[in-house]
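Hi there,

Here is the structure I promised to send over. My notes follow below it.

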Amino acid sequence: MSTIPSASSASSASTPAAAAKTAADTMSAANAARASAAQSVISGSTGNSSLDVTALVTSLVNAVMASPDWNSSAIFLSWDDWGGFYDHVVPPTVDANGYGLRVPGIVISPYARQGYIDHQVLSFDAYDKFIEDVFLGGQRIDPHSDGRPDPRPDVRENVSMLGNLINDFDFAQPPRPPMPLPVHPQTTLTGTPVPGGLVAAILAGSQPAARLLEGYS
């Protein structure tokens, strides 16, 4: 993503399709092929180790940080489902499709607000809204006129309760330097497996068993 000053000049394309083609033409074919190949091999939804998936994502983010484009980049990291965990917050009702259960979202950018927690109501539509606002001057792709099968009941980017990801950035601050992370960090989360009987005792409320658990790290 470009910063606001450079993005304003990029929003002059006459149509969303023309802007999308311009953006696609600027992509490196080699980088696109490598990214596609990596995604086809490692996926968090096909039984791969979460460590492998984390290593892949970390390596991609590190590559952007090491590139000359870092100072004009924004990376939005999210998950496509909630993993089946319990969520006490009922999703808001916005249209016939509604919103789903919450998933994490992380903004990585030299202009991201450091330590900022965004409490807005956001959905994946917020990513489209941010891109359209920055690169298309606020033009929206309308499911009733975009010329292709589109099951959306409305223009989801225009939902009144949808927040704006621009709030996650401070473009007045000097761009922060990259902070690459180790692809395979040392961790205690994959230490000695806890015996199943000990887990059952802890779930039953056994305090001695809970103290024994401290030895497994």
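Let me start with F85, which counts as exposed because its relative accessibility is 63% (exposed means over 50%, buried under 20%, partly exposed in between, with a 1.4 Å probe and protein chains only). This is a predicted model, where local features need pLDDT of at least 70, side-chain atom pairs count only at pLDDT 80 or more, and totals for chains, interfaces and linings use all residues. Residues are numbered from 1 along each chain as its sequence is written, and side-chain values use heavy atoms, with hydrogens and water left out.

F85 sits in the loop between β1 (75-78) and β2 (105-108); strands are DSSP runs of E with at least two residues, helices runs of H or I with at least four, numbered from the N terminus.

Now for the inside. The largest nonpolar core has ten residues, among them Y99, A126, F130, V134 and L162 (a core joins buried Ala, Val, Leu, Ile, Met, Phe, Trp, Tyr and Cys through side-chain atoms within 4.5 Å). A second, separate core of five residues includes V61, M65, I75 and I108.

The buried residues of α5 also include D125, K129 and E132. E157 touches these three, as well as D128, R140, R152 and L162, leaving aside residues up to four places away in sequence (contact means heavy atoms within 4.5 Å). E157 belongs to the loop between α5 (125-135) and α6 (196-203), and it counts as buried because its relative accessible area is 2%.

Best wishes
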